[in-house]
Each structure stands twice: as C-alpha cells, then as structure tokens.
Amino acid sequence: MSYDLELENKEILARYKDLISNTYRTLDEENNKLIRKAFDIALDAHKDQRRKTGEPYIYHPIAVAKIVATEIGLGATSIACALLHDVIEDSDYTYEDLKKIFGEKIANIVNGLTKISIMNHQNISVQSENYRKLLLTLSEDFRVILIKIADRLHNMRTLESMTPDKQKKIASETVYIYAPLAHRLGLYNIKSELEDLSLKYNNPEVYTEITEKLELEKESRERYIEEFKNEVSERIKEEGLNFTIKGRAKAISSIYRKMLKQGVSFEEVFDNYAIRIIYKSDAKNEKFLAWKIYSIVTDVYHSNPSRMRDWITQPRSTGYESLHLTVLGPDKKWIEVQIRSERMDEIAEKGVAAHYKYKEGYKQSSDDRNFERWVTEIREVLEQQQNLSTSELLDNIKLNLYSKEVFVFTPKGEIKILPTNATALDFAFSVHSDLGMKCLGAKINGKLVPISYVLQNGDQVDILSSQNQKPKSDWLEFVVTSKAKSKIKSYLNSQKNQIVEEGKEILQRKLRHAKITFSEDEVNKLQKFFNLKTSQELFLKFQTNELDASSLRKYIESKNVFNNLLSRFRKSPSKNSTGVFDEPKHQNLDMIVFGKDEEKLNYTFAKCCNVIPGDKIFGFITISEGIKVHSDNCPNAINLRAQYDYRVIPAKWVNAESFKNRVKIEIEGLDRMGMINDITTVISGAMGMDMKSMSIESNNGVFTGNINLEVKNKSQLEQTFKKLKEINGVSRVRRV
C-alpha cells in the first residue's frame, strides 16, 4: 500500500497538539518539556510501524496518553509513560536507554507495562505468571495498571480491524480481568465502556438490540430529564446552591445484566437511566449540602427507602462517595438520582488518580487506608498462591474486585469493610491470619454465633479462638474473601501434599512387588484405568486404602488382556464383508466443521450451555474428552476465551437438519380457561414439536410454566417463541 507521508505527519502533529491542549493549563513548562521529549522518542521508535488498520503506529500511544490525561486525570510522568509504553517491546530502545534519558521512575513504569504486554503473545503457563505480574504492579506503582487499562481501552475502541476470533479473545480477556480492575480502582466510566465494548464483540446481536432501543428512547428520556430538572432546580436555587443536573442512560452491559438476572425484556427494566445532581462545596459543608439536596428531592418526589444508598457517611473502599436514591419521578416512573459534590464526582469519574489528588484539604486518611489495605491483601494472596492455577488465582482475586460491601465494627469500635455475604470467619482472617486459622466462633452484638454467620451492616464482631482449632475443607464453602480462601487452601494443600507423598511411596512399593517399573507413563495408565483426573487423586486413594493390592491386581490382569488383543490385532486386522478394514464410526461428523480448513472432527456437545443448531458456536479442546462444542453465549465462554484461547477453535454448522436437542423454556402470564390448550396447540400443532414434559402452576390468576421441548434448530425455537407470545394472556417466554 502507498501512504501520503506528508498528510500523515500533519495528522500526527495535530493529534499531539490535541493531547497537549488538554495538559498545558495544568502542567508547568518543565512537565510539558518531559511530555515533548517522550513524544519525540516514541515517534522515532515507531517511525516504521503501522497498526492493523494501516495507520501509523504512533496514533495508538498518543491516544493512550490522551485517555491517561483526560479520562483518568494523571500527570506528566504518567502521560510520558503512556507515550512510551510500547517502546521497549516494539523497538531497539532498551530499559537502560530509557533510564539514561528519563530516569529510573519512568523506565521502571514502562518496563512494568512491557512485562504485562508480553502476556498477549504467550501460552497459558506464561500467561498465568503475567496475570500475577499485572496484579503485583498494584502494590508497586498503581500508575502501571492505570496506563495498562488506558491501553486496553484504546485497543477495544479500535478492535474492528481484528479477525472475529481475535476480537472475541481480546473482548473476553477484557471483561474477565481489566473491567473488574477498572471497577476496583474506581474508574467506573471506563469499566462500563470496557464491558459495553466486550459485549459488542462477544454478543453483537444483544448489543445492537439494546443500543437501538436506547436510541429510540433518547428523545423521551431527554424530555423526562428536562421535566425533572425544571421541578427540582427552582427549589435548590432558592437555597442559594451552585449546582448542575445531568441525565444519562445506564451502560448497555448493565441493562443486559439486569435483563438476564431478572429474566425480563428491555422494556421491563424500569431504571434504564439515571440523574446526577453535582454541587459546588467547600470541605466543611460537603455532607451537609448533600443531605440538604436529598431533602429537597424527596419533598418533590416519593422515594423508595429500600433503594437508598449512603456512600457519603461511609465511603466505599475505593473512596467512592455519593448519595443514591430511587424516586417516583415525572410520569410516575422510577428513576435513580445520585447526589455528589464536584470533588466526589471527580473521584467517581477518575477513581484512584483523583482520590490521591484530593489528599490535601479533605479528610481522606481512612479511605487511603482502605485502598492500601486492599492492595496489601492482593499482594499477600499472590505471594501465597504460587502453585494455584490461573483460573483459581483470578477467581480468588476477582471475589473482591466487584463485590458490594458490608460495614462492621471491632470490639473497640473500629470500622471494617468486607464484601457482602462475608462471614464471621472472613472477619477473623481480615483481623489477622492466625486468628482466622484458630477461629472457633464469634459473638455478634453480644450473642454467640457459628463461624459461618453472614455479617450484616452495623454488626459488632468479637472472635472466639482456640489453639487446638485447625482449618477444615468445609470452611471454603462459606468464606468469600480472597485472603481467607488463600490461607485455608494454603494450609489444606500443605496437609494434602504430605498425604500425597505417602500415597506415592505406597504405590511405588506395590508396583515394585508386582515387578512393574514406576514411571509417568505407568501412572497415566493407572489413572485412566481407575477413572481418575489427576495423579494426586491416584496417590491419595492408595494412601487412604481405597485402592489396594487387589485393585492393582485387576489393573495388571486387564493390562495383560489388552496386550494379548493388541498383538492379535497386529497379526490380523479385522475386515468387513467387502474386504475393507473397519474404521471407528463417529456420530454427527457432518453437522459441524472446525477451523479455517473446515475439517470434520469428532466432538461432543458441552453440557453447560445446551447448544441447538443455529446458535453461534465454537470448539474447545479439552484435556481428556476431545472437542467440546459450546454456544457463544455459554456462561463459561468468557473464561475459556480469556484463559485458554489457544485451545479454542472456530466452528460452524453444515448439516443440522436431522439433529434434535432438548431445550427448557419458561412461560408466564395471566391464567384463564383454555390457556394450556392454546399453548399445546402452538407447540404440538402449529410448530409440530415434540413436547417431552410440561408443568404449569397457577397462583392468584398468574401462571408460570416449564416446558421441555425437542428442538431441531434455533429458527424453529424463535418461531415458537413468537407464536407463544401472540397467545392472549402470555406475558413472557424465555429459554432457560
């Protein structure tokens, strides 16, 4: 391809000037010189490189730097690092070069970003280590992870140029790890955009449907917000307050989550948008003015007390502060109202970066401690879980990334913030690891409760312990914090490893008596014979005597029989009547093909997502069960693509006419005489489907039903849904 280099150079300069225009007012001359120097080095490093779109590569670091400056609100050092973030990885510049030019701080941040970037090109074992590095950077310099999130956001915004498989891989990884991190660092707008863009590529039909419906509602939404502003503004102005009122649609991914969770359509989600009242205030009057505005709003509109959230009296551990209330606004529609000062709003928009900016002049020390405590906990978990799989590691960390919070008190009256559903045992581990390990029970508000007691807001917790107490495996069933889980698992694993070693020695001894050499190959054969997933299970069973000498004898006998059959087969392979050697028969091979070459491979359907022909699908290569076919909307699809993308293969339908699969549907509506007959007429009559089972319950004139159907393809199911919804009285039909 030919490029107009002069035009591109003008565009590069224009983009750089746009970046500087957002920083020069807030940064001094020295800082602006630092940014210019970083830009010059980045421009030189990437001069011959282009993105997948064909654009000059330098567009990307400039865009990342702009996100860092304007959307996250970081300073000159971070902006310079954003411009340089790919220099070590993609050019001849080294860490030492950057250290000489910019100093150790900037070189270290860029080096941290380089280490994380490598994980996009590695297999899972290396990826696991890089996820650890990614999280460890939190406790070293939080700017590394903030710049990495900005990098990922720009990559997601420009993902159109990638192949569909690459899009899904990157989108899955984004929603799996980067969106939760953005959430925990208080970058709520960025977190929402990352989730929305991930949905756009993982489930484009749903994304398009919700986007179009939000666009159709835009005019009525703006009219509604204007009416709310008119009714409330005059009352607030009377109090002499300086404020603005904004309205916004909720995030597409947030609306979709509600649709799934509540099992409702878009039209049935009642709070698709929110109103924000932002006021000017000094530090002294912030809380007072928030409650004053709350009082004015609730004087004008009725509020729903069950949906009131006070994040001002007790901020979240991210430092987030705001009053949330849900009121019956104009046209008697429920709407969420958020009340916050300009300072609170900046912290809500820009998270950790703004939080540190406001340390001076405001009492932020307790919030700083909450954030730093969380960072320390992440580091502890990572350091103690070196042997954990990537999946377990990230699940443990993510437990505390998205969780809502509960506030409880120590016996001395100090506040502790824990995730919702945390137990007395979680509290004990949060105080001290040793206290958790020896926890017997607790006193909640003076009353004795078990260690599994789920903490409620305002509980005062006093832990009871004993030197004789030791962690048990059932503790893992009710603890929710990553610290508690990691400590318990670490202890149980150390106990288990000891038992496994004993079992291994027992097996070696028994094999020696049977004159069989102990080897990895032999262990794999034993594992397969006894239908066990790991060699650890095998050793454990010999240690507990579930497997013994007689079990081993059966294995040896079967081994001898197999060897005899094998030798006979080698001498005389079986032929069929036509003289052609028999080949193994595979079922359904003509229905789905895999990979770019559209190969016919043997496969089975995954049990987690109930695939039917017409669903968008992919293949996943399992370790012991061959290829499993999953739906793109499978609840495990995100995790599989994010963690094991190298084992995901494209798949598509070829000949699905003869295939049938059982699908469960749920139907609701107003009960009446003849309703069941109308439903069965549609299913068995109009659609000619085989109904395997049906259960209908009626309560006070409302019925709910579950029906199991044999479905040929997605089109048949969609047609059935359409006809069922046309039945008088049916309000909702959905696939379970």
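**Close-up 1. Helix α22 and the residue Asn 545 that comes after it.** In this predicted model, helix α22 is followed by Asn 545, a residue whose phi is positive, near 70 degrees. Within α22, which spans residues 535-543, the side chains to look for are those of Leu 538, Phe 539 and Phe 542, each of which is buried. These three residues lie on the same side of α22, because they cover an arc of only 95 degrees around the axis. An α-helix has 3.6 residues a turn, so residues three or four places apart point the same way.

**Close-up 2. The hairpin of strands β6 and β7.** Strand β6 (residues 405-409) and strand β7 (residues 415-419) run antiparallel and are joined by 5 bridges, with Phe 407 standing opposite Ile 417 of β7. The two strands form a hairpin with 5 residues between them, and in its turn Gly 413 has a positive phi of about 90 degrees. Strand β6 is largely enclosed by the rest of the structure, because 4 of its 5 residues are buried.

**Close-up 3. The second largest pocket and its lining.** The second largest pocket holds about 1,100 Å³ of space and is lined by 23 residues, of which Lys 533, Thr 622, Ile 623, Ser 624 and Glu 625 lie nearest its centre. Helix α21 (520-529) and strand β14 (627-631) each supply at least two residues of this lining, and the largest share, 3 residues, comes from α21. Sorted by class, the lining of this pocket comprises 10 polar, 7 nonpolar and 6 charged residues.

Technical notes
Residues numbered from 1 in each chain as written. Predicted model: local features only at pLDDT ≥ 70, side-chain atom pairs only at ≥ 80, totals over all residues. Heavy atoms only, no water. Buried < 20%, exposed > 50% of the residue type's maximum accessible area, 1.4 Å probe, protein only. Arc of directions from axis to C-beta. Pairing = 2+ DSSP bridges. 1 Å grid on protein atoms, 1.4 Å probe; cavity = no way out; pocket = protein on both sides within 12 Å on 5 of 7 lines; lining within 4 Å. Points joined across faces, edges and corners; volume = space filled by probe spheres on them. Nonpolar A, V, L, I, M, F, W, Y, C, P; charged D, E, K, R; others polar.
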